[in-house]
Amino acid sequence: GSSIDFYACHSRIRHWNPGFRVGFSIILLLFCILANHPAVSCVIILTAAWITVGMGGLSFRQYFSVLTIPITFILLGSAAVAVDFSRQPIGDFHLYLFWGYLYLTYESLLNTLFLILKVFGAVSAMFIMTLSTPSHELFSVLRKARCPSLIVELMHMIYRYIFILMEVQRNMRISAESRLGFGDFKTSCYSFGQIASNLFIIALKKANAYYDAMEARCYDGTFAFLEEEHQANPKHLIAAGIYLTALMSFWLAIR
C-alpha cells in the first residue's frame with residue numbers, strides 16, 4: 001500500500017493537472033465498462049500500461065507487482081463465474097465430485113475471458129490515476145468537485161491510518177519472527193492471536209495520540225494542506241480528446 005503512494009509521488013506525469021488525471025481515468029474506466037468489448041478492453045489495457053510505465057517512468061516489475069493483488073481477485077472471481085454445478089454430466093468439460101458434477105462450456109469460458117479483459121481494463125484505467133496521483137492531490141480533487149468535506153476528511157484519515165497499522169503490524173511480526181514465534185503451527189496461531197490483540201490496543205493508543213497531535217496544531221474539524229498548483233495543459237486536453245474520439249470510433253467500427 002505505501003509503495004503505491006511512493007510510486008505516485010515519483011511518477012514523471014505527476015506534474016500534470018490532477019483533475020485531468022482523475023477525470024481521464026474515470027472516463028476511460030466508464031467507457032471500458034459501457035463498451036463491453038474485448039478489443040476495446042485490450043486497447044485500454046495497453047494504453048494504461050504505456051501511460052503508467054512509458055510516460056510515468058514506472059518499471060514493468062513494479063507495475064506488475066502492483067497489479068498482482070487485483071489480478072488474483074479477478075482470476076478467482078472469474079473461475080467462480082465460469083464453473084457451474086449439475087447433477088448430470090453435461091457441458092463440454094465436467095468433473096465428478098461424488099455429489100454431482102462441476103462442468104464448463106466453451107461459451108462460459110469465452111464469456112469469462114471477456115469478463116476478465118473488461119475488469120482488467122477498468123482496473124488498468126484506475127491505475128493511471130492511482131500510480132500518478134498522491135493521496136493528498138486526490139482528496140484535493142474531490143474537495144474541488146464539491147464532495148462533502150466530512151467524507152473527504154474521513155477518507156484521508158482512514159487512508160493514512162491504514163498505513164500506520166500496517167507499519168505497526170510489520171514491526172510486531174518481525175519481533176515475533178526474531179523470537180521463533182512462527183516455528184510451528186501451534187506457535188504461529190498463538191503469535192497471530194497475540195499480534196491481533198496487541199494491534200487493537202495499539203490502534204486505540206495511536207488514535208488518541210494522533211488526535212492530541214491534531215488538537216495541538218489547532219485542528220478545528222477541517223484539514224488544510226499545502227497544495228501545488230498544476231495548470232491544465234491544452235496539449236494534454238487535445239491529446240486526450242483525440243484518443244477518446246479514436247477509441248470511440250474504433251468501438252463503433254467493430255461492434
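Which residues does Arg 21 touch, not counting residues up to four places away in sequence? They are Ile 13, Arg 14, Trp 16, Met 129, Ser 132, Thr 133, Pro 134 and Glu 137. The model is predicted. The protein has nine helices and three strands, and 33% of its 255 residues count as buried. The points below go from the overall fold to one helix pair, and then to individual residues.

**Overall fold**

- Along the sequence, the elements of the protein follow the pattern α-α-α-α-β-β-β-α-α-α-α-α.
- The radius of gyration of the protein is 23 Å, whereas a compact globule of 255 residues would have a value near 18 Å.
- Taken along the principal axes, the box filled by the C-alpha atoms is roughly 65 × 60 × 35 Å.
- Of the contacts between residues at least 6 apart in sequence, 70% join residues at least 24 apart.

**Helix 2 against helix 5**

- Helix 2 spans residues 18-35 and helix 5 spans residues 106-130; their axes are 8 Å apart and the packing angle is about 175°.
- Helix 2 is therefore roughly antiparallel to helix 5, because an angle over 145 degrees counts as roughly antiparallel.
- On the helix 2 side, the contact is made by Arg 21, Val 22, Phe 24, Ser 25, Leu 28, Leu 29, Cys 32 and Ile 33.
- On the helix 5 side, the contributing residues are Lys 118, Gly 121, Ala 122, Ala 125, Met 126, Ile 128 and Met 129.
- Sorted by class, this contact has eleven nonpolar, two polar and two charged residues.

- Arg 21 is located in helix 2 and is one of the residues that make the contact with helix 5.
- Arg 21 counts as buried because its relative accessibility is 2%, and buried means under 20%.
- The side chain of Arg 21 forms a polar contact of 3.0 Å with the side chain of Glu 137.
- Among the residues that Arg 21 touches is Met 129, which also belongs to the helix 5 side of the helix pair.
- Ser 41 is located in helix 3, which covers residues 38-55.
- With a relative accessibility of 1%, Ser 41 also counts as buried.

- Leu 165 is in helix 7, which runs over residues 149-178.
- The relative accessible area of Leu 165 is 23%, so this residue is partly exposed.
- Apart from neighbours within four places in sequence, Leu 165 is in contact with Leu 199 and Ala 203.
- Leu 165 and Gln 62 lie 103 residues apart in sequence, and their C-alpha atoms are 23 Å apart in space.
- Met 157 is also found in helix 7.
- Met 157 counts as partly exposed, at 35% relative accessibility.
- Beyond residues up to four places away in sequence, Met 157 touches Met 214 and Phe 223.

**Loop residues**

- Asn 36 lies in the loop between helix 2 and helix 3.
- Asn 36 is not a glycine, yet its phi is positive, at about 55°.
- The relative accessible area of Asn 36 is 51%, and Asn 36 is therefore exposed, since the cut-off is over 50%.
- Arg 146 is found in the loop between helix 6 (135-144) and helix 7.
- Arg 146, likewise a residue other than glycine, has a positive phi near 65°.
- Arg 146 is exposed, with a relative accessible area of 76%.
- Thr 105 lies in the loop between strand 3 (101-104) and helix 5.
- At 22% relative accessibility, Thr 105 counts as partly exposed.
- Thr 105 and Phe 185 are 80 residues apart along the chain, and 41 Å separates their C-alpha atoms.

Key. Residues numbered from 1 in each chain as written. Heavy atoms only, no water. Axes fitted to C-alpha atoms, helices over the stretch in contact; angles between N-to-C directions. Helix = DSSP H or I, 4+ residues; strand = E, 2+ residues; numbered from the N terminus. Parallel < 35°, antiparallel > 145°, perpendicular 65-115°, else oblique. Contact = heavy atoms within 4.5 Å. Nonpolar A, V, L, I, M, F, W, Y, C, P; charged D, E, K, R; others polar. Buried < 20%, exposed > 50% of the residue type's maximum accessible area, 1.4 Å probe, protein only. Polar contact = N/O pair within 3.5 Å; in protein donor to acceptor, adjacent residues only side chain to side chain. Rg over C-alpha atoms; globule rule 2.2 N^0.38 Å.
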